[in-house]
Amino acid sequence: MAFPSAIGGRSQYVLAIAGATGGLGLFISKAVLQAPYVSHFSTIRLLTRSTTSAQARELQSLIDRAGGDSPGKLIQVDYDDSKSLGSALRGVDVFVNVLNGDVPQNVNDNIVEALAKNKVKVYIPSEFGLDERLIDVDVEIWRLKKEHVKAAVEKSRGKLKVVLIYTGFFLEGIGLWTGFDVANGVFTSVGSPNFPIAYTARADIASATARLAILSISPSTADSVPTDVRIFGSSPSISQIKDFAEKKYGKKIVLQVEDARSWKKELLESNSNDLLKWVRLFAGEGKFDYTEENHRELVNPRQSFWKWKTVQRHIEEGGIDPLP
Ligand SMILES: NC(=O)c1ccc[n+]([C@@H]2O[C@H](COP(=O)([O-])OP(=O)(O)OC[C@H]3O[C@@H](n4cnc5c(N)ncnc54)[C@H](OP(=O)(O)O)[C@@H]3O)[C@@H](O)[C@H]2O)c1
C-alpha cells in the first residue's frame with residue numbers, strides 16, 4: 001500500500017514523540033525527520049526532559065541541518081506536570097509514546113489526561129515487544145500497560161485510535177543477557193529452542209512506526225490499520241541462531257535447555273517482575289512466533305520502504321553485542 005499523498009506538498013498533521021531521545025526513541029525521531037516520512041507532518045514535536053543531553057543535541061543538529069525547512073522541534077517537558085504535558089500535546093494529531101516501560105504511574109495518568117483534553121486522534125503507546133494479548137500471567141508492568149491503554153480509550157470516549165506495535169525482541173538485544181553466551185560457547189533456551197522468535201532491528205521498528213503513524217492518521221488508510229500490529233525482521237529459533245553463530249565464529253556452541261516448568265514456577269512463587277526472565281520463558285512457549293499472523297506487508301509492502309534486517313545478517317555483520 002502506497003502512502004496517502006501529502007496535502008500541498010506537506011501534510012498538515014502534527015506528530016509528538018515522548019521519549020524521543022531514548023534507546024528506541026532516537027531511531028524513531030531520526031526516521032520521522034527524514035524522507036520519505038517527514039513530508040507528512042507540518043510539525044514534529046520531540047519531547048524530552050532535557051534539551052541539553054547528548055541525544056537531544058544530536059536531534060537538534062539534525063533539525064538545524066535542514067536549514068529552517070524541518071518541521072522538527074525539541075520541546076522540553078515535565079511529564080510529572082499535567083499542564084506541561086497538556087501544552088506539549090496541544091494540537092497534536094498523532095502521539096507516539098516511547099518512554100521506558102516503567103515510568104511512574106502519574107506520568108501515565110498525565111498522558112491519558114493530555115490525550116483526551118487535546119483530542120489527539122492516534123495514540124501509539126510504549127509497547128514494542130511481546131503481543132500483550134498472549135500474556136496469561138499477572139505481571140505488574142504488563143498489567144499497568146494494559147490498564148493505561150484502557151484508560152486512554154475510555155477517557156477519550158472511544159475517539160482515540162490506538163495502535164499497539166509488537167516487535168518481538170530488539171535485534172540488538174541478542175546477547176549474554178538473553179542467553180547467548182558466545183565467549184563461553186553456550187546458548188541457553190528456557191523451554192523449547194525450536195520455536196520461531198520475532199526479532200526486529202530498532203531502525204526497522206522506527207520506519208514501521210513512522211509508516212503506521214501516517215497510515216493511521218490519513219482518512220483513506222486509517223481503517224487498514226488494526227489495533228494490534230505484529231512485525232518482525234526475521235524469526236529464527238534459538239537452534240537456528242546457534243547455527244548462524246557457529247558459522248560466524250567458527251566454533252561449536254553448546255545448546256542448553258532450562259526446564260520451562262520450574263522456571264515459571266519460580267517466577268510465579270517469587271511474584272517476579274523480572275521481564276527478561278518472563279520473556280525468555282515466553283520465547284520457549286512459542287509466544288514470540290508471529291509468523292502466522294503479522295502485518296509486515298501492511299507496513300512495508302514487498303519491502304518497498306526498507307529491507308528488513310535479519311538475525312542472520314546481524315550476526316554476520318559483527319554478531320552478538322549488548323545494546324549500547
Ligand atoms: N522488545 C525489546 O527487546 C525491548 C527492548 C528495550 C525496550 N523495549 C521497549 O521499548 C520502549 C522504549 O524503551 P527504551 O529502552 O527505548 O527506553 P529508554 O531509552 O530507557 O527511555 C526512553 C526515554 O524516556 C525518558 N524517560 C526515562 N525515564 C523517565 C521517567 N521516569 N519519566 C519520564 N521520562 C523518562 C527519557 O527521555 P528524556 O530524558 O529525554 O526525557 C528516555 O530517553 C519501552 O516500551 C520498552 O519496554 C523493548
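A nonpolar core is here a set of buried Ala, Val, Leu, Ile, Met, Phe, Trp, Tyr and Cys residues that are joined through C-beta atoms within 7 Å. The views below show a predicted model.

**View A. The largest nonpolar core and the contacts of Leu-115.** The largest nonpolar core holds 91 residues, and the members that touch the most others are Leu-15, Ile-17, Val-32, Leu-115, Ile-165, Leu-212 and Ala-213. Helix α6 (residues 202-217) supplies the largest share of this core, with nine residues. When neighbours within four places in sequence are left aside, Leu-115 is in contact with Leu-89, Phe-95, Val-120 and Tyr-123, and also with Ala-152, Ser-156 and Leu-160.

**View B. Strand β2 and its two parallel partners.** Strand β2 (residues 41-48) is largely enclosed by the rest of the structure, because six of its eight residues are buried. Strand β1 (residues 13-18) runs parallel to β2 and is joined to it by six bridges, and within this pairing Ile-17 has Leu-46 of β2 as its bridge partner.

View C. Ala-35 and Pro-36 are joined by a cis peptide bond, for which omega is about 5°. Pro-36 belongs to the loop that lies between α1 and β2.

**View D. Two residues other than glycine with positive phi.** Lys-119, in the loop between α4 (105-117) and β5 (122-124), has a positive phi near 50° although it is not a glycine. With 13 other C-beta atoms within 10 Å, Lys-119 is partly exposed. Phe-128, whose place is in the loop between β5 and α5 (140-155), has a positive phi near 60° and is likewise a residue other than glycine. Phe-128 has 23 other C-beta atoms within 10 Å and is therefore buried, the cut-off for a buried residue being 20 or more.

View E. Three strands form an open sheet in the order β9-β10-β13, and their pairing is mixed. Its edge strands, each of which pairs on one side only, are β9 (180-181) and β13 (254-258). Strand β10 (residues 186-190) pairs with β9 in the antiparallel sense over two bridges, and Phe-187 of β10 is the bridge partner of Phe-180. Helix α7 (residues 238-249) lies across β9, β10 and β13, and its direction is at about 170° to that of β10.

**View F. Spans annotated in the UniProt record.** The unreviewed UniProt entry places the feature "domain: NmrA-like" at residues 15-289; in the model this span is 38% helix and 17% strand, and its end C-alpha atoms lie 31 Å apart. The unreviewed UniProt entry also carries the annotation "transmembrane region" for residues 12-33. In the model, residues 12-33 are 36% helix and 27% strand, with 15 Å between the end C-alpha atoms.

Conventions
Residues numbered from 1 in each chain as written. Predicted model: local features only at pLDDT ≥ 70, side-chain atom pairs only at ≥ 80, totals over all residues. Pairing = 2+ DSSP bridges. Helix = DSSP H or I, 4+ residues; strand = E, 2+ residues; numbered from the N terminus. Contact = placed C-beta atoms within 7 Å. Axes fitted to C-alpha atoms, helices over the stretch in contact; angles between N-to-C directions. UniProt positions renumbered as here; feature names shortened; annotations may be inferred. Buried ≥ 20, exposed ≤ 12 C-beta atoms within 10 Å, placed from the backbone.
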